[in-house]
Protein chains: 4
Amino acid sequence: MIIMNSEASKEEIDNVVKEIKRFGLKADVSRGEFRTVIGLIGDERKADFSHLATLPGVKEAFPVESPYKLISREYSRRFDEAEERREITVGNVTIGGEGLVIIAGPCTVESKAQLFRIAEEVKKAGAHILRGGIFKPRSSVHSFQGLGGNGREEAEEALRWLHEAGQKFEMPVVTEVRGEAQVDLVANYADIMQIGARNMYNQDLLARVARVDKPILFKRHFGAGIDEFLSFAEYMAAEGNKDIILCERGILPLGKGKNYTRYTFDLSAIPAIQKEAYLPVIADPSHATGRQDLIFNMSCAAVAAGACGLMIEAHYNPSEAMVDGMQTITPQELKEIISACHKIHKLIAKRHREKVLVA
Amino acid sequence: MIIMNSEASKEEIDNVVKEIKRFGLKADVSRGEFRTVIGLIGDERKADFSHLATLPGVKEAFPVESPYKLISREYSRRFDEAEERREITVGNVTIGGEGLVIIAGPCTVESKAQLFRIAEEVKKAGAHILRGGIFKPRSSVHSFQGLGGNGREEAEEALRWLHEAGQKFEMPVVTEVRGEAQVDLVANYADIMQIGARNMYNQDLLARVARVDKPILFKRHFGAGIDEFLSFAEYMAAEGNKDIILCERGILPLGKGKNYTRYTFDLSAIPAIQKEAYLPVIADPSHATGRQDLIFNMSCAAVAAGACGLMIEAHYNPSEAMVDGMQTITPQELKEIISACHKIHKLIAKRHREKVLVA
Amino acid sequence: MIIMNSEASKEEIDNVVKEIKRFGLKADVSRGEFRTVIGLIGDERKADFSHLATLPGVKEAFPVESPYKLISREYSRRFDEAEERREITVGNVTIGGEGLVIIAGPCTVESKAQLFRIAEEVKKAGAHILRGGIFKPRSSVHSFQGLGGNGREEAEEALRWLHEAGQKFEMPVVTEVRGEAQVDLVANYADIMQIGARNMYNQDLLARVARVDKPILFKRHFGAGIDEFLSFAEYMAAEGNKDIILCERGILPLGKGKNYTRYTFDLSAIPAIQKEAYLPVIADPSHATGRQDLIFNMSCAAVAAGACGLMIEAHYNPSEAMVDGMQTITPQELKEIISACHKIHKLIAKRHREKVLVA
Amino acid sequence: MIIMNSEASKEEIDNVVKEIKRFGLKADVSRGEFRTVIGLIGDERKADFSHLATLPGVKEAFPVESPYKLISREYSRRFDEAEERREITVGNVTIGGEGLVIIAGPCTVESKAQLFRIAEEVKKAGAHILRGGIFKPRSSVHSFQGLGGNGREEAEEALRWLHEAGQKFEMPVVTEVRGEAQVDLVANYADIMQIGARNMYNQDLLARVARVDKPILFKRHFGAGIDEFLSFAEYMAAEGNKDIILCERGILPLGKGKNYTRYTFDLSAIPAIQKEAYLPVIADPSHATGRQDLIFNMSCAAVAAGACGLMIEAHYNPSEAMVDGMQTITPQELKEIISACHKIHKLIAKRHREKVLVA
């Protein structure tokens with residue numbers, strides 16, 4: 001990390017970047033209100049910090065051991081003491097700001113009519129962002145793979161519906177991009193690009209998606225520790241895209257006996273991550289629990305734990321949903337959840353900020 | 001399970017119990033407002049249900065596969081449709097009732113002065129029950145084992161302090177009983193007998209403690225699935241003691257990389273357990289997270305998830321605590337947590353009841 | 001699954017395939033010595049089995065619930081009672097046959113000289129196949145990513161070295177393909193395409209690699225159950241490529257305390273998988289243990305458990321290796337391991353076949 | 001740890017022990033061929049090492065951080081460079097010596113006839129020690145708890161049978177002691193006292209059993225890391241009993257999907273433990289896999305991994321066994337396993353010693 005003097009000139013900054021590149025590294029330049037900080041991207045052992053420290057305009061130069069540094073709270077504080085949490089604005093919604101953000105919609109887009117009806121109902125229930133799966137990652141090649149599985153034409157048609165539903169009901173839209181070959185196509189229609197839990201370790205996809213100039217909803221793999229989750233988010237930051245929304249969606253349950261929930265919802269991870277990184281963290285109670293009857297409680301719990309948003313699967317008739325009906329709730333239930341969650345979000349805001357965000 | 005006719009006589013019930021014993025089994029007789037239900041304790045394959053079904057006064061007789069049946073919601077509904085949750089009253093406190101119950105105190109009793117000062121301060125902060133460890137389970141034989149490790153005399157003295165502190169500040173007291181040889185001693189002083197996570201599988205201790213006529217605070221082992229947790233609670237119910245307070249205190253974290261929390265706080269287990277069993281469920285954010293800075297958020301989250309009580313370690317000077325200082329909060333912080341948690345408890349009560357307790 | 005009569009004609013088989021396609025499914029035709037079996041690929045609920053059963057030449061038609069069916073032992077037995085294990089021949093080596101196959105080489109290709117020296121030495125030690133990482137999956141974007149991380153030209157040069165080393169020392173070569181964009185490039189030089197543990201769930205990469213007409217070395221993700229591992233192998237079989245070598249390389253360790261091995265080497269999975277699927281299973285003790293001093297014992301143990309091959313990282317000077325030196329052994333140690341393992345392989349062969357392969 | 005001069009007198013040693021006690025600690029005195037080493041038991045922070053270092057006869061005095069020190073390889077090397085592995089002799093059998101030791105017998109003693117027939121048959125198959133469960137730990141209070149569950153009289157009768165069978169067929173016998181109240185009774189009949197996996201954390205039972213002057217077979221809990229396993233073994237060493245046979249019997253499987261084995265057999269733990277502690281390590285493939293068809297392979301694998309013994313459940317008619325029939329093999333199968341395992345044991349002995357035991 002290179003910390004520049006507060007009065008460092010543009011030329012001095014450019015020169016530092018040039019020197020960093022000479023070592024075979026890339027540079028991440030962050031301009032704060034009072035000073036500029038430059039992060040090194042790549043293997044820092046290649047850099048000569050005693051040399052970098054002598055360059056004009058440089059105040060301090062030192063290596064950072066952590067595998068996640070560009071997204072770390074420590075880094076952000078160097079250039080902007082006020083940055084507690086990155087605010088990501090997309091359309092009329094800000095994620096990571098004061099308000100709680102609700103992402104809702106069907107697990108899977110099945111038809112235009114289904115999508116539009118759900119979009120309308122979740123909007124009325126208080127949702128801010130519309131979700132809808134088109135390229136579905138599935139455990140079995142023999143299961144329905146979403147409309148994205150029916151060839152490029154159907155995939156694009158479904159993406160177009162999603163885009164139109166977002167326009168009509170004034171919600172930005174998010175959908176998963178599952179493979180490198182789908183990135184451009186999805187980028188044409190989605191406002192937020194989702195990387196699913198199973199692709200968390202797919203560093204080639206991460207880098208590819210990050211280079212699209214859109215926010216990314218990044219889900220934690222169910223086998224990933226917090227440090228791995230953040231280290232892979234760093235792959236995207238290293239491509240210059242820090243508009244990353246982290247999403248806790250459940251980790252591997254204990255291995256013995258019957259599973260009462262689909263995954264273990266790791267809610268402590270939410271404040272624990274917030275202490276490490278300044279990125280917004282949301283939670284997905286639908287996939288974490290896999291149980292419709294637990295969504296109310298676990299949504300409230302996630303918000304109490306400090307989530308700045310929720311991602312919830314909803315359908316006017318859950319039992320009709322082709323995928324994940326067991327964990328899908330009705331718009332009416334969604335409305336009640338949103339109402340309780342906003343209250344809890346306000347209730348904990350002050351203390352949460354003191355204990356976690358600025359501590 | 002034997003369901004008696006609503007007008008079954010005491011003789012008829014006694015006769016059924018006698019017949020059950022003839023099969024080498026024990027009987028659990030539960031009298032509800034409208035009917036009596038008799039649970040079989042032991043290996044039901046030994047019983048001849050077609051014979052039991054023909055006894056006078058018997059309405060239905062059938063085997064129950066589940067390893068936890070006496071504590072199951074299904075069983076309680078048979079004899080008392082109104083029983084949503086077992087209410088356990090100890091002194092001036094009811095656990096499992098309308099109100100949220102706070103158990104607080106030092107991790108470990110170190111001296112009379114320390115205990116009394118903490119007792120006074122947590123009482124003022126709003127705690128209802130006083131905790132304090134005397135027989136401490138420790139990973140290392142070379143660590144401080146609590147005053148219980150210094151011989152019977154010191155152990156009894158510490159227990160006496162605990163009892164006196166409870167009397168003075170009008171709080172029932174709870175402390176752990178770690179081995180069979182300590183049961184009688186602890187029972188002389190504690191209002192609630194705690195069985196620690198590491199002893200969850202210790203069926204001989206469970207049976208021994210259950211035979212003491214006191215409520216039991218029963219902690220889930222960090223490697224135990226929900227079905228195992230309930231199956232071992234059943235060992236106590238089978239001894240005739242159903243005053244069991246279940247406590248979620250964290251399960252094994254994912255195995256790779258740095259652990260950001262001591263355990264994974266399995267909050268979804270709270271409503272999941274409540275759907276299975278009618279026993280009250282509390283949560284222990286101190287041991288689950290092992291981090292003082294996360295206690296506020298995770299206490300709120302546990303209550304939002306449906307916990308009817310919290311167990312929190314507090315100390316006037318956490319850094320001075322001989323054990324677990326890292327996870328200990330001050331009475332001032334406790335007060336703020338209690339205040340927020342009561343509000344959340346009220347906020348979710350109605351929906352929680354509908355979705356989880358009576359669903 | 002459609003089982004044809006033994007005398008079914010080619011026309012009848014083609015007709016069944018056509019009918020299967022009419023239901024929107026794909027067909028996998030397996031011709032055994034005595035009969036032909038046709039597997040349905042996709043959501044079998046779309047198919048009308050009562051209709052398929054009436055087609056000329058069809059003996060039986062029924063749905064298979066399992067997410068892995070094309071690779072299942074049950075399926076292979078239908079068309080070829082003798083097929084106990086798929087033999088995959090590449091160059092002068094047969095994987096899954098009578099002999100134990102050793103894959104060895106450096107973790108990462110660092111230079112032509114390093115690669116050639118190691119290739120020569122592992123060949124002398126008794127290795128059959130040469131490994132060498134070029135596109136390295138790494139937890140941190142700030143770590144060395146292999147020569148594949150230095151741009152297409154260096155990547156291709158390294159691949160060329162690998163190919164040449166294979167030619168010179170008469171060993172087929174295997175290297176990892178990490179992203180979809182690298183598939184064609186790697187396919188030009190590698191004899192076996194490796195899909196790394198982190199990409200096990202990357203179904204788009206799997207399908208893309210399967211369409212290359214080369215054997216695939218497929219590593220189990222450290223968070224994947226056996227059924228998931230096999231279900232994702234099925235993604236490749238569904239593309240028509242069943243030359244899949246399954247590799248056990250360690251799963252998540254228990255989450256508490258210090259890890260004494262990098263992962264938990266799940267050796268019971270080896271025979272357990274062999275009872276389910278007819279694909280060859282090898283083991284990677286280097287990544288599983290992460291400890292040079294345990295490679296001897298754990299290689300022997302893997303072979304005793306039934307592995308038909310081993311993948312081991314070797315280097316003439318392990319402490320010099322840029323990646324994973326801690327788990328790398330010398331060619332001299334490799335030689336001793338190979339010698340012991342061949343003996344164990346022979347020792348257990350007969351009983352292993354009776355208990356696991358044909359049971 | 002206090003290392004005495006080689007010529008230290010008995011008085012000097014006694015004096016050091018006295019001084020250690022003055023600090024409120026206990027002392028473990030180990031006399032090697034060349035020197036005496038004294039381990040401190042308890043919280044070493046209480047001791048003043050600079051004072052201890054000045055006592056007559058003391059060569060070195062320093063604290064040891066590890067929670068397991070009395071059983072550590074480091075400690076044993078200080079007083080006896082030759083001690084690679086503790087040899088525990090019981091009757092005509094030495095565990096931890098040159099030979100592989102086989103413990104076999106029924107899961108549960110059901111009758112005298114059943115026990116004697118199995119004892120005879122496993123003896124003929126090559127077993128050295130007879131096992132048989134009487135006090136059975138069970139997940140469900142409603143399951144058969146072994147003859148120990150039928151009251152003291154039946155328990156003692158079953159213990160007597162076990163003792164007699166051992167006498168008759170010249171095998172030492174091992175059986176589990178499940179609770180503190182059973183220790184004296186079991187000690188009257190068993191040659192080796194078994195502490196089951198579920199009681200691994202039961203420090204009160206551990207201390208109680210250690211005070212009986214008999215070897216202990218100590219099973220790892222399925223949720224315990226290696227450091228925990230050794231730390232709890234230290235509880236017994238601290239009571240002066242180091243005749244501890246460690247047993248790996250499987251850890252929690254991964255949490256998703258179907259379990260193909262009952263637990264994950266953590267074979268890498270065997271050499272990993274041997275590098276830490278000098279105690280003998282055996283393995284229990286029956287409980288680890290829960291599958292009769294995998295016992296052959298996994299027994300061989302455990303021995304290849306370095307186990308110096310195996311514990312295997314056998315029955316003349318496995319399907320008749322009241323408990324764990326699924327994992328029980330016949331004496332004929334046992335014989336074949338023993339034969340293969342002895343060969344593997346010899347095959348790996350030299351290298352295992354070099355890489356693990358004396359490295």
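Reader: How many cavities of 30 Å³ or more does a search of the whole structure find?

Author: The model is predicted. Rolling a probe the size of a water molecule over the atoms shows where empty space is left. For cavities of 30 Å³ or more, the search of the whole structure gives a count of 13.

Reader: Which residues are the closest to the centre of the largest cavity?

Author: The largest cavity has a volume of about 290 Å³. Its lining consists of 24 residues. Closest to the centre are Pro253(A), Pro253(B), Pro253(C), Pro253(D) and Leu254(D).

Reader: How many residues in the lining of the largest cavity are nonpolar, polar and charged?

Author: Gly is counted among the polar residues here. By class, the lining of the largest cavity has no charged residues, eight polar and 16 nonpolar.

Reader: Why is strand E3 of chain A largely enclosed by the rest of the structure?

Author: In a regular strand the side chains alternate between the two faces of the sheet. Thr36(A), Ile38(A) and Leu40(A) point one way from E3(A), Val37(A), Gly39(A) and Ile41(A) point the other way, and all are buried. Buried here means under 20% relative accessible area. E3(A), residues 36-41, is largely enclosed because six of its six residues are buried.

Reader: Which residue in E3(A) is the bridge partner of Ser30(A)?

Author: Strand E2 of chain A, residues 26-31, runs antiparallel to E3(A) and is joined to it by six bridges. A hairpin of four residues links E2(A) to E3(A). Within this pairing, the bridge partner of Ser30(A) is Val37(A).

Note on methods. Residues numbered from 1 in each chain as written. Chains lettered and ligands numbered in written order. Predicted model: local features only at pLDDT ≥ 70, side-chain atom pairs only at ≥ 80, totals over all residues. Heavy atoms only, no water. 1 Å grid on protein atoms, 1.4 Å probe; cavity = no way out; pocket = protein on both sides within 12 Å on 5 of 7 lines; lining within 4 Å. Points joined across faces, edges and corners; volume = space filled by probe spheres on them. Buried < 20%, exposed > 50% of the residue type's maximum accessible area, 1.4 Å probe, protein only. Helix = DSSP H or I, 4+ residues; strand = E, 2+ residues; numbered from the N terminus. Pairing = 2+ DSSP bridges.
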